[in-house]
Amino acid sequence: MARNSINHPCVIVSAFLNEPDSDTKACKALVDRLLAALRAEDTGHLVTFACHRNLKDICHANTDIIAYNTYPCWYSWEMETGSSEEMRRNIRACHEEIVAYFRNRYKDRYKDDRPIIVSETGVKADYGVRDPRGRAQYTEDHQAEYERIMLEEMFAMKDIAGVAIWQFTDCKTYTRTRGARNRSYGVNTGGLYDLYRRPKLVVDEVRRLFTAKSESD
């Protein structure tokens, strides 16, 4: 992976492992081996992995970036969305708690200056399903509102250096196996675009917010 991407100017991070058991010593040993293997390639890339044991992690001790996945108001931190104000409070509180854990856990080693990024976050929406008044979950209206609030909060947090939305397009995932009940027709509908690259309402919100952020920086 590192050798294939070394001359790609858009690749600045070499990453491995998505959501491993990073609260265990066995995983820590594996992460450190993979870090050493990638650094031996001397690509100049930053090296990390995507964590989801966010309040128990012990494996980010030696990474260049702390990267974590979380889905407040979707998979965690109050499954019920509630009002827009509740959603905003829960999203911010979730990320503040995670950031505080990492800063405290690794404060002696990095003295709070290591970048932290949100490597996965977002919600699902079925293309074409609208609910402008109720903004119920799985509608395009809810997804657009959620991503707007989430990005506003992430951009306002000085400790968050970057955020990646899960995901660019809907994709085929489960069929008749585990997880099927929250994967309608075997598709993860968390994309900004659907399977046929048709934009959902959320696209305009994401474009607007990222454009404004880049111009302000």
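How many disulfides does the structure hold? A disulfide is a covalent bond between the sulfur atoms of two cysteines, counted here when a pair of cysteine sulfur atoms lies within 2.5 Å, and the structure holds zero of them. This is a predicted model, in which local features need pLDDT of at least 70 and side-chain atom pairs count only at pLDDT 80 or more, while totals for chains, interfaces and linings use all residues. Residues are numbered from 1 along each chain as its sequence is written, and side-chain values use heavy atoms, with hydrogens and water left out.

Select Cys-27 and Cys-59 to begin. The closest cysteine sulfur to that of Cys-27 belongs to Cys-59 and is 3.8 Å away, which is too far for a bond. Cys-27 has a relative accessible area of 8%, so it is buried (under 20%, where exposed is over 50% and partly exposed is in between, with a 1.4 Å probe and protein chains only).

Next, select Cys-94 and Cys-73. The sulfur of Cys-94 has its closest cysteine sulfur in Cys-73, at 8.2 Å, again too far for a bond, and Cys-94 is buried, at 2% relative accessible area.

Now turn to the backbone and select Tyr-138, which has a positive phi of about 75° although it is not a glycine. Tyr-138 sits in the loop between strand 4 (116–121) and helix 5 (140–156), where helices (H or I, at least four residues) and strands (E, at least two) are DSSP runs numbered from the N terminus. Tyr-138 is partly exposed, with a relative accessible area of 29%.

Finally, select Trp-166 and Gln-167, whose connecting peptide bond is cis, with omega near 5°. Gln-167 lies in the loop between strand 5 (160–165) and strand 6 (171–172).
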